[in-house]
Amino acid sequence: MLVSYRRVDELAVISINNPPVNALSHGVRKGVLEAITTAQTDDSKAIVILCEGRTFIAGADISEFGKPIEEPSLPQVNAAIEDSAKPVIAAIHGTALGGGFELALSCHYRCALDSAAVGLPEVNLGLLPGAGGTQRVPRLIGVKAALDMITSGQKISAQKALEQGLIDRVFDGQVEESALAYARELITAGAGPRRISEIAIPQESFDSEAFDAYRNLLRKRKRGQEAPQRIVDCIEAAMEKSFDEGLVYERSRFVECCQSEQSAALRHIFFAERQAPKVPGLDKAVAPRAIDRVAIIGAGTMGGGIAMSFANAGIPVTLLELNQKALDAGQALIARNYATTVSKGKLSQEQAVARQGLISGTTDYEDLADVDLVIEAVFESMDVKRQVFGRLDQVCKEGAILASNTSYLDVNEIAAATSRPQDVVGLHFFSPANVMRLLEVVRADKTAEDVIATAMALGKRIGKVPVLAGVCYGFIGNRMLRQYAREAQLCMIEGAEPGQIDGVLTRFGMAMGPLAVGDLAGLDIGYKARQALTDEQKGDPRSYCIADALVEMGRLGQKTGAGYYRYDPDTRARSADPEVLAVIEEQAKLQGVERRVLSDEEILDRHLMALINEGFRILEEGIAQRPGDIDVVYVHGYGFPSYRGGPMFYASQRGLSAVYERIESLHKSTGEAHWAPAPLLTELVRNNQTLGDWMAKKN
Ligand code: 3HC
Ligand code: NAI
């Protein structure tokens with residue numbers, strides 16, 4: 001039964017049981033409304049609402065969005081709760097989120113376990129709280145705190161919620177027992193219903209100018225997103241309108257957001273993230289291996305960040321370097337990173353010390369004899385990697401997982417350097433590895449099932465979003481990135497300046513434009529990689545000649561104060577540089593390219609279509625398990641705007657036939673083989689099918 005009603009002496013207890021997270025599906029809403037109605041008719045003196053299982057209500061049932069709302073709606077349920085003639089007490093454990101917290105706010109009293117958290121994360125789904133949250137929260141904690149809480153979507157600990165006045169009582173121990181004791185205490189004290197709707201919003205100087213200033217702040221902080229702006233509208237309405245009018249206003253804005261493309265995209269990403277770690281076909285009986293100690297080979301940019309990811313999750317790490325000097329440098333960088341986090345107030349000094357204490361260093365492979373997992377993050381060279389894996393094969397215990405963080409190299413070839421290819425896997429982190437949430441788990445031909453299961457579970461344990469990839473040059477993300485980066489180069493030589501290209505893509509919502517990213521990473525990285533290739537392997541010179549020329553001038557990007565842009569030595573502010581334009585024009589002349597004006601639309605389409613076409617190839621080849629996985633890769637690893645749902649979702653929204661036509665027209669106008677529409681895209685369009693149809697057929 002989703003909702004049950006029982007009496008415990010003078011108390012009515014409404015219990016919700018809708019695993020896994022007690023989402024407010026139609027059955028739950030109906031059950032709660034019936035129970036509240038029943039409680040009005042018997043001789044109970046107070047009503048307690050609590051949840052079974054791991055958490056209080058985690059919100060509306062997201063899978064019901066986009067479908068017609070079946071009554072009772074949540075606002076109807078909440079109104080019945082607030083109208084109750086008997087006091088209603090919400091008993092919170094786990095998390096009370098979104099509609100779940102709004103339901104709690106409709107109760108007259110709120111108590112919680114000290115381990116609990118509350119929040120209104122709707123903004124992360126392109127929504128706003130649609131069941132009274134924007135009207136009740138400012139009445140409890142004031143306008144500014146309400147704006148901060150609801151537009152950030154962040155969870156608040158029970159203790160902090162108590163201090164702010166969002167909840168009334170915090171206890172440790174057992175939720176039901178403590179909540180019933182609290183309810184009895186309220187009855188004894190003669191406490192009656194206490195309705196937030198009847199509270200006046202605390203007077204403070206938040207006038208229309210202050211609201212506009214807040215909207216401007218959000219335009220920067222939540223660039224391109226509609227829901228944060230609508231939240232401000234609703235909170236402003238809470239100040240100007242009566243409670244009931246405010247609720248009507250909020251609901252109409254909520255319905256608008258629900259129907260928006262941005263919310264559809266964010267909901268897609270929510271489910272895709274949770275789908276990604278699942279590997280169909282993996283034997284469910286396979287148990288993951290225990291991972292208690294980890295070693296990282298190489299304490300450079302990636303090794304240090306990866307070590308921090310494990311230490312942050314409480315897992316001890318041994319860092320191995322070539323020599324003491326390199327080890328000291330790596331550890332000093334880690335110390336600096338932790339110090340910065342402390343100075344930003346995101347971590348206490350004690351926490352930083354404890355985490356750093358979990359990272360030890362060595363230069364001796366024998367110290368790795370006991371570790372359960374080794375992640376290699378040495379130079380991107382097959383020879384060096386094979387040497388390292390050969391050595392690991394000699395020293396590591398049986399069953400240890402041997403992983404490579406390679407960006408492009410063939411994991412099968414790396415595995416072949418060991419006598420245990422079944423234990424070898426790619427674990428591809430993204431820079432900065434302690435921050436970026438994506439983890440590509442690369443399955444090689446012989447990787448054992450339990451190694452994949454372990455990698456997926458471990459990824460989640462360290463707070464990453466693991467995505468399975470097959471072996472190919474660049475796996476999912478970097479393979480697509482090559483096509484995207486090539487378009488940036490071609491657009492530049494054909495007529496666009498770096499500022500136009502980056503401007504188009506950041507206005508689309510990318511965290512950074514492709515050329516600014518190049519300057520940040522260092523143009524020498526690609527240059528060095530190209531030096532190792534033959535002319536044939538390097539491909540079309542128009543796709544790298546500008547980058548090469550800049551490097552040869554000593555313009556390596558931000559680190560030398562100049563790359564595609566010039567950087568202010570003090571502020572690092574970037575500006576366009578006429579010298580770069582001269583280089584572009586010269587290279588165009590050398591390559592026989594006549595420069596022309598490129599429209600913003602052309603630039604955007606070429607970059608997006610390059611990603612999408614390669615995405616279809618990756619799907620067809622089985623390199624990615626599903627379209628949503630590619631979207632997760634781009635959102636969490638490459639700064640693709642989450643509110644556009646990732647490249648494959650974007651393609652579906654735009655319509656596969658429109659995408660096909662655009663790619664085909666680029667193919668015809670350029671004559672370039674890489675613009676040939678991917679066979680899978682062609683097939684789907686020909687059969688008038690969607691990616692969803694294709695997935696359904698595949699499974
Ligand atoms: N609706 C439907 N399904 C949900 C859900 C929801 N609100 N929240 C979680 N789920 C599902 C997940 O998809 C997952 O399904 P799966 O097992 O089939 O993959 C399962 O529940 C478990 O979820 P997690 O893997 O995320 O479990 P965690 O323990 O890691 O996290 C959580 C639990 C913190 C509750 C997290 O799931 C979460 O943040 N959920 C979303 C909360 C949210 O955004 N609520 C607001 C909804 S919008 C709303 O309420 C509108 C209202 O204002 C009217
Ligand atoms: P880096 O040059 O910053 O660090 C490499 C480190 O490995 C150096 O400190 C070096 O001393 C050490 N090293 C080299 N050979 C070694 C050996 N035999 N034994 C022990 N230590 C050794 O390189 P970075 O950027 O950290 O890259 C490492 C790997 O991660 C590469 O395979 C790269 O392709 C991959 N990668 C890099 C990303 C990035 O953005 N930098 C992103 C994702 C993956």
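The model is predicted: local features need pLDDT of at least 70, side-chain atom pairs count only at pLDDT 80 or more, and totals for chains, interfaces and linings use all residues. Residues are numbered from 1 along each chain as its sequence is written, chains are lettered from A and ligands numbered from 1 in the order in which they are written, and side-chain values use heavy atoms, with hydrogens and water left out.

**Ligand 1**

- Around ligand 1 there are 24 residues (a residue counts if one of its heavy atoms lies within 4 Å), and Arg 54, Glu 102, Glu 122, Arg 274 and Lys 278 come nearest.
- Polar contacts are pairs of N or O atoms within 3.5 Å.
- An oxygen atom of ligand 1 lies 2.5 Å from a polar side-chain atom of Glu 122, and a polar side-chain atom of Lys 278 is 2.6 Å from an oxygen atom of ligand 1.
- For Glu 102, a side-chain N or O atom is 2.7 Å from an oxygen atom of ligand 1.
- On its own, ligand 1 has 990 Å² of accessible area, and the protein covers 73% of this (Shrake-Rupley method, 1.4 Å probe).
- Two or more residues of the shell come from each of α3 (99-106) and α11 (261-275) (helices are DSSP runs of H or I, at least four residues; strands are runs of E, at least two).
- With three residues, α11 gives the most to this shell.

**Ligand 2**

- Among the 22 residues around ligand 2, the nearest are Met 302, Glu 321, Glu 380, Lys 385 and Ser 407.
- Glu 380 has a polar side-chain atom 2.5 Å from an oxygen atom of ligand 2.
- The protein buries 78% of the 830 Å² that ligand 2 exposes when taken alone.
- α12 (301-312), α15 (382-395) and β15 (424-429) each supply at least two residues of the shell around ligand 2, and α15 gives the most, with three.

**The second largest pocket**

- The volume of the second largest pocket is about 570 Å³.
- Its lining has 26 residues, and Gln 625, Arg 626, Pro 627, Gly 628 and Met 695 are the closest to its centre.
- Elements that each supply at least two lining residues include α11, α26 (627-637) and α30 (691-698).

Key. A polar contact is a pair of N or O atoms within 3.5 Å; within protein, one must be able to donate a hydrogen and the other to accept it, and residues adjacent in sequence count only if both atoms are side-chain atoms. On a 1 Å grid over the protein atoms alone, a cavity is a set of points where a 1.4 Å probe fits but cannot get out, and a pocket is an open set with protein on both sides within 12 Å along at least five of seven lines; lining residues have an atom within 4 Å of a point. Grid points are joined across faces, edges and corners, and a volume is the space filled by probe spheres set on the points.
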